[in-house]
Amino acid sequence: MDCWRNLPHGWCSCRTWGRYYVGPIQLVVCYGAVVGNTLLGGECLKAIYLLSVPDGSMKLYEFVMIFGSMMLILAQFPSFHSLRYINLASLVLCLAYSACAATGSIYIGNSSNGAEKDYSLVGDTESRVFGMFNAIAIIATSFGNGIIPEIQATLAPPVKGKMFKGLCLCYAIVLVTFFSVAISGYWAFGNQADALILSNFVVDGRALMPKWFVFMTNMFTILQLSAVAVVYCQPTNEALERAFADPMSGELSLRNIVPRVISRSLVVIAAITLAAMLPFFGDINSFVGAFGFIPLDFILPAVFFNLTFKPSKRSPIFWVNITIAVIFSILGVIASIAAVRQIALDAETYKLFADV
């Protein structure tokens, strides 16, 4: 990616790393997020369908395709800049559905409709240990959402001010939304809490709270997921357009519109296919976190700081960065093993295009 310009003198080796290592990982991570959000959107659509038609015969992959058809349209926005209003809508929707999810969890947790809470750890020691590292990878994915502000901020100067403001806002939203839902959901449902907490709001086709509230929460989630997915799809789109677009022609010229529509449609169709084939949202989250977000957010920044600014080996900052890099490298390796292990276990349980 081009986001490695505007950096201090002496960055040459790091810039090479950026082009051939960091950039590709960023693309894979962003595309993995597109696949995960497409799957989650399909699950929310299915939840709405089953509330309306409890005995319905439609399968999950069909709802993934329906959600993906909306993505096909949204993916045609030509640039990051054109997504600014979608970004704003995503922020509002994120706050809205998180508030609804936390409120719903608290409501069910305080009512007699909810299941008996069980906070015990299930499984043998091996499963618990790998489960812990799986959870670390998922948390890394949650905090890794700063990758998009990072990419956007480094596309044009000044880098530092914009990135800092964007990341502060991003992490503030992550803390407010992810943790409010996680804490309230675990309190309400214990170890029965699903990867998609909204699934706990309905048991055997019966809503544990007013149906309109469940509908509304799922709709907020679907709209927000569509916004997030199209933003995460944009780095892949930008990379493809550098290869197929004509910079001498206008952004909305026929010469650039045709390859844009074709390439972006193929990108979205591939994401839909992967999401429908591998309907394991938690597994995708942990896999992306272990292989992508942990190196990008916790290891490489510390390493690149030392390579770029060359602090004295006697200074605390040098050894703090080394310690961070070593600890998170170990965590990343174990989390990667845990993620692959969980995918292998689920592969024995589910088939391709499974209706989960």
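The model is predicted, so local features are reported only at pLDDT of at least 70 and side-chain atom pairs only at pLDDT 80 or more, while totals for chains, interfaces and linings use all residues. Residues are numbered from 1 along each chain as its sequence is written, and side-chain values use heavy atoms, with hydrogens and water left out.

The protein chain contains ten helices and two strands. Here helices (H or I, at least four residues) and strands (E, at least two) are DSSP runs, numbered from the N terminus. In sequence order the elements follow the pattern α-α-α-α-α-α-β-β-α-α-α-α. Of the 356 residues, 44% count as buried; a residue is buried under 20% relative accessible area, exposed over 50%, and partly exposed in between (1.4 Å probe, protein chains only). The chain exposes about 18,100 Å², and carbon and sulfur atoms supply 71% of that area. Accessible areas come from the Shrake-Rupley method with a 1.4 Å probe, and for residues only the protein chains shown count as cover. A contact means heavy atoms within 4.5 Å. Among contacts between residues at least 6 apart in sequence, 79% join residues at least 24 apart.

One helix pair may be examined in detail. Two packed helices are described by the angle between their axes and the distance between the axes. Helix α3 (residues 84–110) packs with α7 at an angle of about 145 degrees, and the two axes lie 8 Å apart. These axes are lines fitted to C-alpha atoms, for helices over the stretch in contact, and angles run from 0 to 180 degrees between N-to-C directions. The crossing of α3 and α7 is left-handed, a term used if the near helix is turned anticlockwise from the far one by less than a right angle, with clockwise giving right-handed.

Q224 belongs to helix α7 (residues 211–244). Q224 counts as buried because its relative accessible area is 6%. Beyond residues up to four places away in sequence, Q224 touches S90, L93, C94 and Y97. Helix α3 also holds S98, which counts as buried because its relative accessibility is 4%. Leaving aside neighbours within four places in sequence, S98 is in contact with T177 and V181.

Helix α8 (residues 254–277) includes L254, which counts as exposed because its relative accessibility is 66%. L254, V258, I262, L266 and I269 form a nonpolar surface patch with about 490 Å² of accessible area together. Patches are made of residues with over 30% relative accessible area and no salt bridge, with like charges joined within 9 Å and nonpolar side chains (Val, Leu, Ile, Met, Phe, Trp, Tyr) within 5 Å. A salt bridge is a side-chain nitrogen of Lys or Arg within 4 Å of a carboxyl oxygen of Asp or Glu. R255 also lies in α8 and is partly exposed, at 41% relative accessibility. R255 touches F244, A245, D246 and S249, not counting residues up to four places away in sequence. The C-alpha atoms of R255 and F244 are 9.6 Å apart, and the two residues are eleven apart in sequence.

K310 has a positive phi of about 45 degrees although it is not a glycine. Most residues other than glycine have a negative phi. K310 counts as exposed because its relative accessible area is 60%.
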